[in-house]
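Here are my notes on this predicted model. Please read them with the structure open.

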Amino acid sequence: MSAIATYNKEWIDLSEEHERTRKDIKRIVEDYRKGGDLDYYSYTVVGVFGSGKTQLLYHIHEQCLQQDILPIYFEADRLFEPVFELDDPGPGDITDIIRRKTAEIEEAITENDVETVHELLNPGDDLDKEALVDSILEKFGGKSIGKKALLVDELEQQYESLQEHVRADENSPLRDWLERGNELKFLSLAPAGMYEMGGADRTRCGRIVIPPADIDYLREEFFEENIGLANACWWLSRGNPRHILSNADALDRRDGLRNSPVHEISEFLNGLDPIGQDPSVVPAANLDEVHRGKLADLLDLAPQEAEERRRYVINVGEANEAEFIERAAEIFDVERSVADYLARYFFLVAGALSDEDNLCYVDELNGLFALAIDFLLEYQHNNPEIKEGIREVTEAYNQLDSNEIDATIGRLFEYKQTTKALPFTTSEIREVFRLPIVDPVVKDNLVKEKREEYEGDGRPLWKITRQNRTVYFFISHRDFEAYIQSDEFLDSALPDDHTVLCITADSPGTIEGEFEQWLQNNGKLVLESTSPLLSDFLMSLRGEVDGTPPVDLEETLDELADSQDPILERKVKIYRESLERLIIGSIANPTTFCDQDAPNTHVWGRDQIGNRDAVIPALAQAYREKISGNDIERLADLGALFESGGELNFIATSRSGYVTVAGDLLPLHSREYEHQQAIKNLRRYFNNESELRTLAQLVPEETFRKLSENENKDRLLTAFWRATRGKFDVNNLKENQNWLKKELISRLDRSEALRSQVSSGRHDSTLDFDCQQSSDSFESYMAAHNSDAFTTLYELTDSVIDEGDLLVQKIYSMYLSALRDHDQTIRKLGGLIDSGHDEFENFENAADDLEKNLWEYSKAREFADITEDEIDTIIQENSLTGRIAIDKLGDRLENNRQGIRKYVRDMSSLDEDLENLETIFDKIAFINPDVEEEE
C-alpha cells in the first residue's frame with residue numbers, strides 16, 4: 001500500500017481488523033454473485049482521512065472482477081452532477097439518473113466501445129482511472145453483463161449538497177436508490193459523512209469501518225530493529241496508514257534523529273503532517289505538553305529502564321481477551337458487543353506501547369483505558385449498533401475510581417516490582433498524541449432543525465467579544481447581509497481600533513456595498529466561511545441555550561466544558577480549538593483614525609466648552625477644504641467683533657463657548673489673516689484622512705460618529721463629517737440678517753434720534769440707556785451702534801451670503817442667532833423708544849399749543865399781565881433737564897406735558913371766568929344804566 005491510493009497496488013492487511021474487513025468484503029461479493037440473501041445491498045466504507053478508503057474501493061473493484069461482477073467506479077461529484085440541473089428533484093430522480101448513466105456505460109462496454117467507456121468513466125484522463133477502465137474492458141468488453149457493483153468515492157463532499165437540493169423525507173436523498181437490490185453499492189465517506197447521512201439513508205446501509213494499523217505491521221515492515229521508533233511512528237500517525245507511510249519515510253531519512261539537538265527534534269516533529277481534517281485537526285505531537293529535555297523520548301516510546309516499583313505488566317499477545325470483555329462489560333455496565341470494541345482498542349494502544357516481547361508496563365490502568373476510549377470514540381462514534389453503549393462507557397469511566405478498574409481488570413495482568421517503564425505516563429501520552437473527533441452534533445440537537453429555526457432571522461447565531469474584536473457566526477450569507485445594516489453591528493465594527501469577523505456556515509459570498517467594502521478594505525470587517533463540521537457543531541450547539549440570538553458563545557462553551565460528559569467535553573475542546581485557529585488566522589488589524597488623544601482640548605474640549613453646537617463649526621475649519629483667503633478674513637473680522645474686548649462681546653457672552661470660539665478658534669485678525677494654532681494642530685490629527693473622507697461620503701453623520709464614544713473625539717468626527725459633506729444648516733442666516741437691519745439697527749437709529757431730541761431745542765437732558773427700575777441695560781447696544789459694529793456685521797453677513805463658503809455662513813449664522821436671542825430685549829428697548837418718541841411729540845405739541853393759545857386767552861393774559869417771556873419760562877421749567885433713564889423718559893415727558901396742560905387749563909378757566917364776569921357786568925349795566933354812569 002502506498003501513501004496515495006493506487007489501483008495497481010494490492011490491499012495489505014495492516015492488522016487483524018484489516019484482515020477481517022477484507023474477508024467480510026470477499027464474502028459479501030461472493031454472496032451477491034451467488035444470489036444469496038444479503039443483509040444489505042448498500043455499504044458505507046467509513047474511515048478517517050488517510051485510512052485507505054479509496055484503496056479499499058480499488059480492492060473491492062478487483063474482487064468484483066474476480067467474481068465476474070462489473071464494478072463501476074464513480075467519484076460522487078461526477079455521478080450526481082446531473083441532479084443539480086433539475087428543479088425540485090426527489091429521491092426517485094436520483095435513481096433514474098444513476099440507472100440511465102449505468103445503462104449507458106453497460107451498453108458501451110457490451111459494444112466494446114473503448115473510447116466511449118473511457119470518456120464516461122475517466123473523463124479527466126487520470127492514470128489510475130485508466131487502469132480501472134482497462135481492467136473492465138479486458139474482462140467484459142464485447143460481452144453481455146450480468147451483475148454489477150457501483151463504487152462511489154468521496155460521498156461526504158456531495159451529500160450535504162444533495163440534502164439541500166433534493167426534496168426528501170428524513171433528509172435522506174438516496175433512500176430510493178440505496179434500498180434497491182438490483183446492484184451492489186459501496187459508498188466511501190469519512191466519519192463526518194456518516195454523521196451527515198439522513199436517518200433513512202443510514203439505516204439502508206451496512207457499515208464497513210477501516211481500522212487503524214496494528215503496531216506489528218510497522219515493526220515488521222519498517223522498524224524491525226527499533227521497537228521504540230516503531231511505537232513512536234505509530235503514535236505520531238495515530239495508526240493512520242497514510243500518515244504511517246509518510247512518517248516512516250521521514251524517520252528513515254533522519255536516521256539517528258534521537259541523538260540530535262533538541263531544536264532539530266522539535267523542528268522535525270512540528271514539520272510532520274497534522275492528523276485529521278479541518279476543523280478537528282491536531283498536530284502530530286503536541287510539543288507544548290513535553291519538557292524540552294524529554295523531546296528525544298518521543299522518538300523512543302518503548303519501555304525503558306526506570307526506578308523500580310510495582311507496575312502492571314500487560315502481555316498483549318497472550319492476554320485473555322474473552323475474560324477482559326466479560327469484566328469490562330461488568331464494570332462499565334454495558335453490552336458485550338460494546339465491551340468487545342473497548343477490548344480491541346485497549347490492546348491496540350497497549351501493543352503500541354509495548355516492547356519487543358509485546359509487554360506493556362504501566363503504573364495504573366486508568367490512563368490506558370482513557371486512551372482506548374479515545375480510539376473507540378474516534379472510530380466508532382457513529383456506529384449505530386453501539387452508539388448508546390459508547391456513551392455509557394464514557395459516563396461510567398468518568399464515575400469509576402481507578403482502584404475499581406484495577407481491582408476488576410487488573411487481576412487479568414501481572415502486577416509486580418519492575419525496573420521497566422514508559423518514558424511518559426499514559427496521561428502525558430494522551431495529551432501529546434491527541435486524537436481528532438469529527439461528529440459535530442451536540443446532544444442530538446439536529447442541525448437541520450436548528451437551521452430551519454434560525455436561518456432567515458437576519459441575525460447571527462453566536463457572538464464572541466474580546467475587547468475591540470468581535471466574532472459573529474451566521475447560518476447564511478443573507479443573514480449576514482441583513483445584520484450588517486443594524487446598529488448592533490455598526491457599534492461593533494465602526495469604533496476606532498475595532499474589527500469584526502463574520503463567519504458564515506455557507507459560502508461567504510461577496511461584500512457588495514460600498515460601505516461594506518470600505519469596512520473590509522480598512523480591516524474592520526472580515527468575512528469567512530467555515531468547514532461544514534464546525535458549522536454544524538455551532539448550529540447543533542444552539543440547542544443547548546435559550547434566548548434571542550446572538551448568544552455569548554464562549555460562555556456557552558465554558559459551561560459545556562465542565563459538563564462531566566467526557567464525549568462532550570472532548571468535542572467542545574477540539575471544536576473550540578478549531579474555531580480559535582480560524583479566528584486567529586482571520587481576524588484583521590483594523591486601520592485606526594483617531595487613536596491618539598485630541599490636541600488642544602483645553603481650548604475647545606468638553607471641560608472648556610460645554611456647548612458642542614458652538615464648537616463643532618469652528619473645529620470644522622481644520623477640515624473644510626473650500627475655505628478661501630477671503631473667507632478666513634471674514635471669519636477673523638467676525639471673531640474680532642465677538643471676542644473678549646470686541647464691540648459685540650456682550651452678545652457672545654449670552655451663549656456658552658461663543659466668546660472662546662471667537663477669540664481662540666476663529667482666525668487671527670492681523671496683518672496676515674491665518675487660522676489659530678489650535679485649528680492648525682487639528683489638521684494633522686486624523687490618520688488615513690483620505691479613507692476617512694471616503695467613509696464620510698458613504699454614511700450618515702450618526703453612523704460616522706460611531707468611530708468614537710469619547711466626547712472630544714466625537715466633536716472632531718462630527719466637524720470632519722460636516723466639513724467633508726458641506727452639511728451646515730444656514731437656513732436662518734438671511735432671515736437673521738434682515739432682522740438685524742429692520743429690527744435692531746432701525747430701532748437703535750430711533751434710539752439715537754431720541755437721544756438727540758432730549759438734548760436739543762427746549763431740552764437740555766442726557767438720555768441714560770440703563771434702566772432705573774430694572775436690570776435691563778441698553779447702553780451696550782447703543783455703544784456698538786455708535787461704533788457701527790452692527791452695520792459692519794450686517795455688511796460682512798451680506799458679503800458672506802453672496803460669496804462665503806457654507807461653513808463660514810454657518811459660523812456667521814451662529815453669531816447672528818446669538819444676537820437674535822436678544823430679540824425680547826430689543827423689542828423692549830423699541831417699546832421704550834417708541835413710547836419716548838410719542839411722549840416727546842405730545843410734550844412738544846403741548847408746548848406749541850401753550851405758545852399759540854396764549855393769544856386766544858386775551859382776557860386772562862391781560863388780567864394776569866402774562867408776557868411771552870413768562871410763557872417761555874413756564875415751558876422751560878417743564879422741559880427735560882439732567883440725566884434721565886430711558887425707562888423714566890415717557891413718564892417724565894408725560895408729567896411735564898401735564899404741567900403745561902394744567903397751565904393751559906388754568907388760563908382757559910380764568911379766561912372763561914373773566915368772560916363770564918364781563919357778561920354779568922354787561923347785564924347789570926343794562927338793567928341799571930345809572931350804575932355805569934355813576935361809575
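1. Start with the open sheet. Five strands make it up, in the order E12-E11-E10-E9-E13, and the pairing is mixed. Strands E12 (525-529) and E13 (551-552) stand at the edges. Each has a single partner strand, so one side of each is left without a neighbour in the sheet.

2. Next, a helix on this sheet. Helix H25 (residues 532-541) packs on the sheet and touches strands E9 (462-466), E10 and E11. The direction of H25 makes about 90° with that of E10.

3. Now the pairing of E10 with E11. Strand E10 covers residues 469-474 and strand E11 residues 499-504. The two run parallel and are joined by six bridges.

4. Turn to the largest pocket. Its volume is about 1,400 Å³. The lining counts 49 residues. Glu17, Arg20, Thr21, Pro211 and Arg344 are the ones nearest the pocket centre.

5. Which elements each supply at least two residues of that lining? They are helices H1 (16-34), H10 (199-203), H11 (215-221) and H16 (336-351), together with strands E1 (42-46) and E5 (206-209). H1 gives the most, with eight residues.

6. By class, the largest pocket is lined by 20 nonpolar, 19 charged and ten polar residues. Among the residues nearest the centre, Glu17, Arg20 and Arg344 belong to the charged class.

Conventions:
Residues numbered from 1 in each chain as written. Predicted model: local features only at pLDDT ≥ 70, side-chain atom pairs only at ≥ 80, totals over all residues. Heavy atoms only, no water. Pairing = 2+ DSSP bridges. Helix = DSSP H or I, 4+ residues; strand = E, 2+ residues; numbered from the N terminus. Contact = heavy atoms within 4.5 Å. Axes fitted to C-alpha atoms, helices over the stretch in contact; angles between N-to-C directions. 1 Å grid on protein atoms, 1.4 Å probe; cavity = no way out; pocket = protein on both sides within 12 Å on 5 of 7 lines; lining within 4 Å. Points joined across faces, edges and corners; volume = space filled by probe spheres on them.
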